[in-house]
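Biologist: Before we discuss the assignments, please put the structure up. I would like to know what each label rests on.

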Amino acid sequence: MQIIPLFIAVPLGAAFILAMLGKARHSLIDLLANIVTAFLLILAISVIGVKGTTTYSMGRWLPPIGIVLVLDGLSILMLVMVNLISFLATIFSISYIERFTAKAKFYAMFMLMIAGLNGVILTGDMFNMFVFLEIASIASYVLVAFGTEDEELEASFKYMVIGSVGGLFILLSIALLYGMTGTLNMAHLSQIIASKNFGIGLLFTSALLIAGFAIKAAIVPFHAWLPDAHPSAPAPISAMLSGVFIKILGIYTMMRILTNVIGIATLGRAWDIMLVLGAISMVAGGLLAIGQWDYKRLLAYSSISQVGYIMLAFGLGTPLGYLAALFHLANHSIFKALMFLNSGAVEYATETRDLQKMGGLSERMPVTGITSTVGTLSISGVPPFNGFWSKLLIIIAIVQAGRPVYAVIAILVSVLTLAYFLKVQRYAFFGKIKDTLMNIKEVPVPMCISLIVLAALCLIIGLDAFRIIQGTNASWFIRVMIEPAKEVLVNGTNYVKTILP
Amino acid sequence: MNKPGMTLIVKTIVRISTSLILLYGVYIVAYGQLTPGGGFPGGVIIGAAFILLCLAFGKEVALKKMSTASASILDSAGALIFLGVALLGYIWGTFFLNFFPNKGIPFHLWTAGIIPLCNIGIGLKVSVCLFGAFIALVLFRVAKKEN
């Protein structure tokens with residue numbers, strides 16, 4: 001599998017070439033950026049269906065000494081999500097970023113962020129993961145401040161301070177793990193952790209890891225940066241940040257390290273913290289979202305709430321719980337990217353984010369209006385859209401695990417979700433159009449393409465998932481994408497056997 | 001006090017020492033695989049030499065030696081050299097392969113395979129990046145004063 005390093009090398013190279021092309025024509029820059037993301041998407045699609053675990057030793061240095069890249073079911077799912085959303089975000093950017101001056105710099109930072117995300121997904125080395133995590137984070141700090149208005153700089157600074165604290169937690173825990181075991185390779189770490197009893201030291205390290213990743217994933221009470229940072233970024237970046245960024249840097253890394261490296265059994269009862277964190281995020285994010293009048297800020301709070309769902313399902317620790325968490329993660333990537341791009345389209349046309357100043361936009365912007373309705377129905381869990389199935393699976397998984405209280409909370413928050421998204425629909429898209437908005441037009445074609453593709457994906461995955469009734473494997477999407485990823489998590493610390501023979 | 005920069009004493013000493021500091025930085029980069037040092041520390045020393053120029057003579061003199069546009073291009077070029085060396089390994093079959101022969105003879109310059117090449121890329125990147133960050137801070141302060 002010679003193509004595995006290309007996931008990191010291609011966007012990294014593109015980032016620096018784009019940085020050199022600062023003064024070139026915008027059409028050339030657009031073309032280059034879109035070719036790169038399309039190429040990455042094709043690469044990601046080409047690895048779908050690769051069975052088992054493929055490893056790639058960098059420079060022929062074998063693990064545990066050298067750095068090893070690992071491609072398994074979980075990484076494939078994440079790679080496809082990242083590169084799909086980034087491809088659609090770059091198409092959206094063609095028209096959207098014309099409003100800003102430095103398009104080449106924007107794409108350069110965007111590519112750096114993709115390189116970081118792909119690196120975090122693929123690497124099999126703890127410290128290497130930290131480096132890629134920081135590459136992606138630093139690129140995102142810049143992108144949040146891209147508008148360079150006061151509000152954006154403040155949001156970016158806040159994000160940077162809190163993000164760095166999160167990074168330091170992770171670095172400290174890596175240092176402690178290295179001190180305890182003397183290795184940084186994930187598989188080797190797992191082997192040593194399983195063979196000795198580290199007692200309270202390992203629990204302390206896990207607590208640091210969970211805190212660090214929870215900051216990156218914006219789980220309540222570590223969420224303070226997200227409601228400022230995500231709305232301040234340009235819309236394609238908000239879509240990337242809410243769609244995949246918090247999930248890769250927070251949830252994926254947590255899944256990988258806690259289940260595959262440290263092992264759930266080692267953590268014992270401390271594992272229940274995941275359920276509590278997930279439930280708190282769900283409720284707090286939902287309640288805070290209701291009161292918002294800023295379109296993008298509302299979406300940002302909704303991201304916190306939905307990530308809570310993923311955490312809750314993951315925290316159950318049962319195979320169905322993993323399946324539901326991964327399915328909801330994939331679905332949320334798609335519809336939250338769609339909704340942020342919708343908010344970007346509305347902002348592009350009306351130049352406001354205040355819901356009270358909008359109204360009746362469906363009349364003038366039919367594509368944005370319809371795709372936004374699709375997004376709303378998906379995220380609120382209305383059949384036949386994809387969100388319904390993943391929320392259903394989450395609730396079934398919770399009930400099966402014997403924790404009915406959490407199931408009730410999940411259902412109530414789902415109603416809450418419908419409530420605040422109906423508010424968006426009511427104030428922004430339905431009703432009578434305001435006089436000040438009589439002259440607005442539908443957004444340009446590239447932006448519409450992104451919206452339509454994402455909305456179509458919501459519907460297709462939802463229709464495909466109807467076959468869940470015959471068993472989860474009957475659905476194509478679950479069988480091909482989610483099931484192999486679930487197997488990796490269910491396998492737990494057997495991960496080491498697939499890498500170190 | 002019309003002339004930019006610091007006093008004559010500082011300028012004279014900087015004029016003499018800058019070239020030596022640059023040379024030392026290049027040495028640290030080039031011998032990185034044999035002695036303590038390497039691309040990053042060497043790059044920092046080279047960058048510091050430019051910052052010293054900037055402090056002693058004012059930013060105009062330093063920007064004449066290295067403009068922001070060329071700094072930005074060299075910065076990317078350093079990173080691309082590093083990536084290019086890594087990609088060259090594909091010709092021999094593996095990403096990041098150390099493909100040069102004659103590895104591991106002590107005290108000889110070209111016996112570390114691709115590591116000196118990587119060090120040159122890193123040195124270029126770090127030195128220009130440090131200088132660029134310093135210049136950015138200087139220019140940013142001036143822009144704010146105009147407001």
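**Labels and their grounds**

Modeller: This is a predicted model. Chain B has five helices and zero strands, and its pattern along the sequence is α-α-α-α-α.

Biologist: How do you know how the radius of gyration of chain B stands against a compact globule of 147 residues?

Modeller: A compact globule of that length would have a value near 15 Å, whereas chain B has 18 Å. The C-alpha trace of chain B spans about 60 × 35 × 20 Å along its principal axes.

Biologist: Why is the pair Arg353(A) and Asp294(A) called a salt bridge?

Modeller: The limit is 4 Å between a side-chain nitrogen of Lys or Arg and a carboxyl oxygen of Asp or Glu. The closest N and O atoms of Arg353(A) and Asp294(A) are 3.0 Å apart, so the pair qualifies. Arg353(A) sits in the loop between α14 and α15 and Asp294(A) in the loop between α12 and α13, so the bridge ties together parts 59 residues apart in sequence.

Biologist: What makes Lys296(A) buried or exposed?

Modeller: Buried means under 20% relative accessible area. Lys296(A) has 1%, so Lys296(A) is buried. Its salt-bridge partner is Glu347(A), at 3.9 Å from N to O. Glu347(A) has a relative accessible area of 13% and is buried.

Key:
Residues are numbered from 1 along each chain as its sequence is written. Chains are lettered from A and ligands numbered from 1 in the order in which they are written. This is a predicted model: local features need pLDDT of at least 70, side-chain atom pairs count only at pLDDT 80 or more; totals for chains, interfaces and linings use all residues. Side-chain values use heavy atoms; hydrogens and water are left out. Helices (H or I, at least four residues) and strands (E, at least two) are DSSP runs, numbered from the N terminus. The radius of gyration is taken over C-alpha atoms; the globule rule is 2.2 Å times the number of residues to the power 0.38. Buried means under 20% relative accessible area, exposed over 50%, partly exposed in between (1.4 Å probe, protein chains only).
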